[in-house]
Amino acid sequence: MPAPELPIRVADGRDDADRGDGLEQGFPARSPRPIRPGPSPVFRTPPIDIFEEPGGLVLLADLPGCSEDSVSIELESNLLTLRAEASRPVPEGAGPMLEEAPPGPFQRTFILSDEVDRSRISAELKHGVLRLRLPKAERAKPRRIEIRGMDGEG
Amino acid sequence: MGGLQWQGQWDPFREIRQEVGRLLGNIETMSLRVPRPFPAINLYDEGDRYYLTAELPGISASEIDLGIAGQTVTIRGERRRPEGVPEETYRRQERQFGRWARSVTFPDRIDSAGVSASFARGILTVVVPKNADARPRQIAVSSAE
């Protein structure tokens with residue numbers, strides 16, 4: 001059975017690493033490399049998982065230190081942009097000695113295909129993990145067409 | 001275990017990461033490709049105490065073990081994948097899971113009885129008071145005249 005098409009593509013300048021994992025499937029050929037982060041690394045890229053559910057896709061993003069108020073999810077044409085700001089958990093006066101987690105805001109952009117029902121995208125944040133539900137559009141779901149038996153009628 | 005010791009503020013790896021990142025134009029792209037220690041740790045000095053923060057998204061406070069031995073604070077636990085998600089349904093896996101442990105050896109003696117920890121929004125914050133002898137002090141110079 002061929003792998004089902006995936007209606008989301010991660011487009012954050014990591015395209016080279018994405019080759020061959022099937023994520024390129026199911027997308028229109030337009031804009032092969034649409035997004036490049038700027039020259040200065042201002043944002044942190046949150047690590048994500050994506051898995052399939054019967055109704056669509058679920059995207060989990062690690063956003064430690066972020067509250068609901070600080071997370072924004074923007075959808076513009078087929079680009080979904082996730083932004084979040086973590087609050088510093090220590091007093092201002094404390095001087096950093098080591099910062100493996102840099103203080104900048106999180107940002108990551110994804111390309112959605114038409115298979116995602118944009119009107120029903122929902123998100124929740126718990127313990128610093130964002131759960132984004134990307135339901136499949138009705139017309140993208142596999143449909144069973146019933147065949148009525150005509151025996152006995154003709 | 002991701003042991004961690006330092007003598008001062010200089011983190012050679014950070015400089016190398018920044019330099020390499022600058023050359024390639026994007027540090028964060030690099031850091032996702034290179035295996036990172038889990039959890040990421042930040043350390044701060046506030047004069048009479050240290051702050052240790054660790055990014056542990058998706059974990060609950062009861063799943064974190066915190067231990068102190070001498071000048072070393074160790075945190076450990078296990079981060080489990082979400083339950084009920086069959087392996088074959090994953091399309092992308094970047095988040096790190098499994099058993100983890102990190103320890104930090106502080107350059108000054110610490111007041112182990114005074115250590116406290118809190119956990120919110122996936123960030124563990126440990127407050128580590130310095131031993132009274134290790135706190136910065138101002139000593140008044142008296143005139144002998």
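# Two chains in a predicted model

Reader: Where does Arg121(B) lie in chain B?
Author: Helices (DSSP runs of H or I, at least four residues) and strands (runs of E, at least two) are numbered from the N terminus. By that numbering, Arg121(B) lies in the loop between strand 8 (116-120) and strand 9 (123-129) of chain B.

Reader: What kind of model is this, and what is the mean pLDDT of chain B?
Author: This is a predicted model, in which local features need pLDDT of at least 70, side-chain atom pairs count only at pLDDT 80 or more, and totals for chains, interfaces and linings use all residues; side-chain values use heavy atoms, with hydrogens and water left out. Residues are numbered from 1 along each chain as its sequence is written, while chains are lettered from A and ligands numbered from 1 in the order in which they are written. pLDDT is the predictor's confidence in each residue, from 0 to 100. In chain B, 76% of the residues reach 70 or more, and the mean pLDDT is 82.

Reader: Over which residues of chain A does pLDDT stay under 50?
Author: Chain A averages a pLDDT of 77, and 69% of its residues score at least 70. A contact means heavy atoms within 4.5 Å, and the model has 57 contacts beyond four places in sequence for the stretch where pLDDT stays under 50. That stretch of chain A is residues 12-35.

Reader: Which pattern does chain B follow along the sequence?
Author: The secondary structure of chain B comes to 2 helices and 9 strands. Read along the sequence, the pattern is β-α-α-β-β-β-β-β-β-β-β.

Reader: How many helices and strands does chain A have?
Author: From the N terminus on, the elements of chain A run β-α-β-β-β-β-β-β-β-β. The count for chain A is 1 helix and 9 strands.

Reader: Is Arg121(B) buried, partly exposed or exposed?
Author: Arg121(B) has a positive phi of about 50° although it is not a glycine. Buried means under 20% relative accessible area, exposed over 50%, and partly exposed in between (1.4 Å probe, protein chains only). With a relative accessible area of 41%, Arg121(B) is therefore partly exposed.

Reader: What is the relative accessible area of Ser77(A)?
Author: Ser77(A) is in the loop between strand 4 (66-76) and strand 5 (79-86) of chain A. Its phi is near 45°, a positive value in a residue other than glycine. Ser77(A) is exposed, with a relative accessible area of 58%.

Reader: Which residue in the turn between strand 4 and strand 5 of chain B has a positive phi?
Author: Two strands pair if DSSP finds at least two bridges between them. Strand 4 (residues 64-69) and strand 5 (residues 72-79) of chain B run antiparallel and are joined by 6 bridges, with Asp65(B) opposite Arg76(B). The two strands form a hairpin with 2 residues between them, and the turn residue with a positive phi of about 60° is Gly70(B).

Reader: Why does the aromatic pair of Phe51(A) and Tyr90(B) join two chains?
Author: Rings of Phe, Tyr and Trp (its six-membered ring) pair if their centres lie within 6.5 Å; planes under 30 degrees apart count as stacked, over 60 as edge-to-face and the rest as tilted. The whole structure holds 3 aromatic pairs over all chains, one of them the edge-to-face pair of Phe51(A) and Tyr90(B), with 5.5 Å centre to centre and 65° between the planes. Phe51(A) is buried at 2% relative accessible area, and Tyr90(B) is buried at 9%. The pair joins two chains because Phe51(A) lies in strand 2 (residues 48-53) of chain A and Tyr90(B) in strand 6 (residues 90-93) of chain B.

Reader: Which residue lies over the face of Tyr90(B)?
Author: A charge sits over a ring if NZ of Lys or CZ of Arg is within 6 Å of the ring centre and within 35 degrees of the ring normal. Arg79(B) lies in this way over the face of Phe97(B), at 4.6 Å from the ring centre. Over the face of Tyr90(B), at 5.0 Å from the ring centre, lies Arg81(B).

Reader: What is omega for the peptide bond from Phe38(B) to Pro39(B)?
Author: Pro39(B) is found in the loop between helix 2 (27-33) and strand 2 (41-45) of chain B. The bond from Phe38(B) to Pro39(B) is cis, with omega near -5°.
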